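Let's walk through this model together, one region at a time. Have the viewer open and follow along.

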Amino acid sequence: AVSAFEAFLGLLSFAIATGLFYGRFSRPQAFLSYSKNALIAPYKDGRAFMFRLAPFKNNNLSEAEVKLTMVITTADENGKQSDKFFNLDLEISKINALALSWTIVHPITEASPFYGLTKEDIGAADIEIMVFLKAFDEVFSNSVVSRTSYISNEIIWGAKFNMMYHPSGDKSKTVINIDMLNDFSETPLPDGPVTITV
């Protein structure tokens with residue numbers, strides 16, 4: 001009886017460990033890198049909130065879709081805090097294939113919660129932009145999900161991203177430099193609260 005119990009327990013433990021390890025390491029992942037900062041950048045005749053991302057492994061992602069939610073924490077006269085949630089409209093929220101970098105752009109129109117805010121307003125406010133991305137991994141034939149967020153002190157006012165890819169020497173391929181994902185340059189913004197037409 002003791003030998004039978006030990007044999008059963010050994011096989012059961014081995015089977016459970018195998019299942020856990022397989023489930024952990026075979027789970028598909030998005031393998032996406034996000035820029036460390038989001039920017040308030042010039043956009044058309046106005047400005048926009050933007051950040052960018054790029055895959056850092058040779059995984060084939062298609063049907064990528066991103067959604068942004070802005071959370072503003074406010075306090076009333078009694079000191080009680082409450083959160084307000086806003087869905088941010090995007091210039092492009094879905095692409096067929098995610099091969100190079102993708103700059104996510106939220107145009108600041110009159111309908112945007114960013115409309116009328118200044119650099120000082122953003123720095124003083126308790127703001128968080130939550131990012132949710134879903135894509136289809138063709139290798140695993142399964143959907144993958146990636147999340148990140150940006151808070152007030154991670155939003156740079158008056159800047160634009162630098163180019164992070166270039167053609168190869170024989171101009172047969174496009175080379176992307178992941179190390180430049182967060183590279184940006186300061187750029188003046190239009191004065192005053194402006195709006196744009198999209």
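Where is the place of Lys 67? Lys 67 sits in strand S4; strands (E, at least two residues) and helices (H or I, at least four) are DSSP runs, numbered from the N terminus. Setting aside neighbours within four places in sequence, Lys 67 is in contact with Met 130, Val 131 and Phe 132, where contact means heavy atoms within 4.5 Å. Met 180 lies 113 residues from Lys 67 in sequence, and their C-alpha atoms are 24 Å apart in space.

A word on how to read all this: this is a predicted model, in which local features need pLDDT of at least 70, side-chain atom pairs count only at pLDDT 80 or more, and totals for chains, interfaces and linings use all residues. Residues are numbered from 1 along each chain as its sequence is written, and side-chain values use heavy atoms, with hydrogens and water left out. The chain averages a pLDDT (the predictor's confidence in each residue, from 0 to 100) of 86, and 92% of the residues score at least 70. Confidence is lowest in H1, at a mean of 77, and highest in S7, at 95. Over residues 193–198 pLDDT stays under 50, although the model has 22 contacts beyond four places in sequence for them. Where pLDDT is low, the predicted coordinates should not be read in detail.

Now for the interior. A nonpolar core is a set of buried Ala, Val, Leu, Ile, Met, Phe, Trp, Tyr and Cys residues joined through side-chain atoms within 4.5 Å; buried means under 20% relative accessible area, exposed over 50%, and partly exposed in between (1.4 Å probe, protein chains only). The largest such core has 32 residues, and those touching the most other members include Phe 51, Leu 53 and Trp 102. Strands S3 (46–55) and S8 (126–137) are among those that each supply at least two residues of this core, while S4 gives the largest share, six residues. A second, separate core of eight residues includes Ala 41, Tyr 43, Met 50 and Phe 161.

You will find Ser 35 in the loop between strands S1 (32–34) and S2 (38–43). Ser 35 counts as buried because its relative accessibility is 3%. Beyond four places in sequence, the residues that Ser 35 touches include Phe 51 and Phe 161.

Next, charges. Side chains of opposite charge can pair when their charged atoms come close. The structure holds one salt bridge, meaning a side-chain nitrogen of Lys or Arg within 4 Å of a carboxyl oxygen of Asp or Glu. Its partners are Lys 94 and Glu 63, at 3.6 Å from N to O. The pair links distant parts of the chain, with Lys 94 in strand S6 and Glu 63 in strand S4, 31 residues apart. Lys 94 is partly exposed at 45% relative accessibility, and Glu 63 is partly exposed at 40%.

Finally, turn to two loops. Lys 44, in the loop between S2 and S3, has a phi near 55°, a positive value in a residue other than glycine. Lys 44 is exposed, with a relative accessible area of 58%. Lys 171 likewise is not a glycine, yet has a positive phi of about 60°. Lys 171 lies between strands S12 (165–167) and S13 (174–176) and counts as exposed at 67% relative accessibility.
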